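This report covers helix packing, selected residues and backbone geometry. Please have the sequence and the model open while reading.

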Amino acid sequence: MTSLQDKPISDKTDSLTINKIFDLQKGNQYNVGNSTVKERRAKLDRLHQAILKYRNDIKKALYDDFKKHPSEVDMTEIYPVTSEIKHAKSNLALWMRDQSIHTPLALLGSSSYIKYEPKGVVLIISPWNFPVNLTFCPLVSAIAAGNCVIIKPSEMTPHIATVMKKIVDEIFDENEVAMIEGGIDVSTELLKLPFNHIFFTGAPSVGKIVMAAAAKNLTSVTLELGGKSPTIVDETADIDMAARRITWSKFANNGQICIAPDYVYVHESKKEAFLTAVKKYIHQFYSDDATKESSYNRIVNSRHFDRLKGYIEDAVSKGAKIETGGQLSGTENYIAPTVMTRVDKSSILMTNEIFGPIMPVFGFQRIEDVIQDINAQEKPLALYIFSKSSKNTNHIINNTRAGGGCINHCAVHYYNTHLPFGGSNNSGIGKAHGIEGFKSFSNSRGILKQNFTNALELLLPPFNNFKQKLIDLTIKYF
Ligand code: NAD
């Protein structure tokens with residue numbers, strides 16, 4: 001039992017409620033953990049149906065939170081969850097099956113298998129930028145793996161948090177899946193509990209706080225973090241195609257995407273053509289005045305607006321040139337799609353994750369300089385390469401490190417549920433999606449079953465010369 005006091009943590013919850021739900025789930029974890037493939041599929045179906053039922057409410061809430069266009073909600077919030085559910089449902093029987101594995105000759109007479117057992121009671125802490133996607137996709141993996149789940153959504157997008165809570169309350173008993181709303185206070189209180197796993201999506205700085213709290217209980221973690229994802233456009237690339245795809249992935253969701261191309265290196269010989277093409281696509285996607293375009297959302301709140309405004313001002317004060325954009329409106333948390341060149345590398349724009357609609361573009365002559373630049377920074381969550389040369393592409397991939405990425409596209413690797421998704425070190429620990437998500441929420445329990453006499457029994461004490469000879473032979477040959 002836990003030792004939290006009954007004190008209000010936020011206007012929505014108190015520590016007794018958190019305590020009660022946690023203890024209920026602890027008591028119910030074997031029940032949930034022993035659920036069959038059919039039962040888990042039925043839970044995923046309920047989630048699927050509820051998301052479709054509340055699809056319009058989700059769209060309205062996300063519009064109210066940061067003017068997200070309904071079609072973008074379908075593409076980036078609804079579809080990733082429904083496809084994750086479909087993928088989990090069709091593969092669940094295979095994932096849950098005990099996996100028979102090889103037994104070495106020295107263990108003759110035995111067989112071995114891996115049982116993917118649920119971790120138990122797990123915590124999911126999610127961010128605001130894709131609240132539905134980044135709350136429900138990990139939930140799908142946690143349910144598929146047979147866990148009880150407590151979810152803490154972001155406090156920054158309150159409208160969608162209310163809809164998600166309604167969905168969770170409607171389709172799950174709280175002894176199985178519960179959502180607890182609140183901010184840092186609630187998160188901090190939850191992190192004191194001895195969860196069996198924590199799946200956190202958010203900033204690297206907060207990831208460190210989560211991991212430190214988890215260490216107190218030796219709780220395992222999956223950390224889906226952020227960082228600066230570089231994009232390289234080499235001299236062989238199709239410039240128009242690169243500009244179109246980079247412009248789309250940079251300014252979708254107002255640049256508030258963990259895997260958005262953070263900044264771009266373009267071969268000097270193509271830089272002007274690239275900038276011209278980017279301006280053309282900004283105009284095509286959002287016209288000359290994006291304030292009037294419903295396809296262009298807003299910065300989530302004034303704190304983030306002020307942060308980004310400061311990034312632009314700092315870069316300009318250090319000599320950066322605004323190629324296009326730069327218009328701001330504090331009353332609307334609006335920043336026009338902005339492209340900057342001549343950005344000094346010491347600008348905050350280049351030392352922090354941008355997470356907004358500002359795109360620094362740099363020219364380069366030698367790819368080795370770009371590689372050196374990238375490797376001097378933290379490992380990115382994604383690295384993108386636009387090139388027609390597989391030699392160049394392989395050279396870049398082999399000489400850099402990143403959580404994932406794309407060749408000739410940006411961000412769409414997220415959509416492939418067969419690919420592991422996540423970072424490396426500062427950009428994340430562990431992977432999400434598909435089988436990788438299922439494994440994050442499972443313990444791979446290795447079990448050896450002794451069927452016949454074990455050859456090792458010949459080597460039990462007391463030792464003698466004959467036994468030593470057998471040991472020598474085993475070391476030499478098996
Ligand atoms: P955040 O880290 O500020 O917040 C994420 C969650 O953590 C929220 O629920 C918040 O309430 C909680 N939290 C915040 N501070 C906390 C603290 N001190 N102690 C305990 N809990 C705390 O992140 P955000 O602003 O919501 O999202 C933006 C960040 O998330 C960016 O860095 C972005 O790159 C990253 N991100 C990563 C992924 C991914 O899949 N790797 C996806 C989306 C966003």
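## Helix packing around H6

Axes are lines fitted to C-alpha atoms, for helices over the stretch in contact, and angles between them run from 0 to 180 degrees between N-to-C directions. The model discussed here is predicted. Helix H5, residues 131-144, packs against H6 at an angle of about 30°, and the two axes are 10 Å apart. Angles under 35 degrees count as roughly parallel, so H5 is roughly parallel to H6. The crossing of this pair is right-handed. On the H5 side the contact is formed by Pro131, Val132, Thr135 and Phe136, which meet Ile160, Met164, Ile167 and Val168 of H6. Sorted by class, the contact of H5 with H6 holds seven nonpolar residues, one polar residue and no charged residues.

H6 (residues 158-171) also packs with helix H2 (residues 37-53), at an angle of about 140° and with the axes 10 Å apart. H2 and H6 are therefore oblique to each other. H2 passes H6 in a right-handed crossing. The residues in contact are Arg46, Leu47, Ala50 and Lys53 from H2, and Ile167, Glu170 and Ile171 from H6. Four of the residues in the contact of H2 with H6 are nonpolar, none is polar and three are charged. Ile167 of H6 takes part in the contact with H2 and in the contact with H5.

## Serine 442

Serine 442 belongs to strand S18, which covers residues 442-450. Is serine 442 buried or exposed? Its relative accessibility is 5%, and serine 442 therefore counts as buried.

The side chain of serine 442 comes to 2.7 Å from the backbone oxygen of phenylalanine 438. Not counting residues up to four places away in sequence, serine 442 touches Tyr116, Glu117, Lys119 and Ala145.

Isoleucine 257 has a relative accessible area of 12% and is buried. Asparagine 253, with a relative accessible area of 0%, is buried too.

Which residues does isoleucine 257 contact, leaving aside neighbours within four places in sequence? They are Asn129, Phe130, Ser249, Ala252 and Phe355.

## Backbone geometry

Most residues other than glycine have a negative phi, and most peptide bonds are trans. Asparagine 253, which is not a glycine, has a positive phi of about 55°. Asparagine 408 also has a positive phi, near 65°. Asparagine 408 is located in the loop between strand S16 (404-407) and strand S17 (428-429). With a relative accessible area of 21%, asparagine 408 is partly exposed.

Where is there a cis peptide bond? The bond from proline 461 to proline 462 is cis, with omega near 0°. Proline 462 sits in the loop between S18 and helix H16 (465-477).

Definitions and conventions. Residues are numbered from 1 along each chain as its sequence is written. This is a predicted model: local features need pLDDT of at least 70, side-chain atom pairs count only at pLDDT 80 or more; totals for chains, interfaces and linings use all residues. Side-chain values use heavy atoms; hydrogens and water are left out. Helices (H or I, at least four residues) and strands (E, at least two) are DSSP runs, numbered from the N terminus. Angles under 35 degrees count as roughly parallel, over 145 as roughly antiparallel, 65 to 115 as roughly perpendicular and the rest as oblique. A crossing is left-handed if the near helix is turned anticlockwise from the far one by less than a right angle, and right-handed if clockwise. Contact means heavy atoms within 4.5 Å. Ala, Val, Leu, Ile, Met, Phe, Trp, Tyr, Cys and Pro count as nonpolar, Asp, Glu, Lys and Arg as charged, and the others, Gly among them, as polar. Buried means under 20% relative accessible area, exposed over 50%, partly exposed in between (1.4 Å probe, protein chains only). A polar contact is a pair of N or O atoms within 3.5 Å; within protein, one must be able to donate a hydrogen and the other to accept it, and residues adjacent in sequence count only if both atoms are side-chain atoms.
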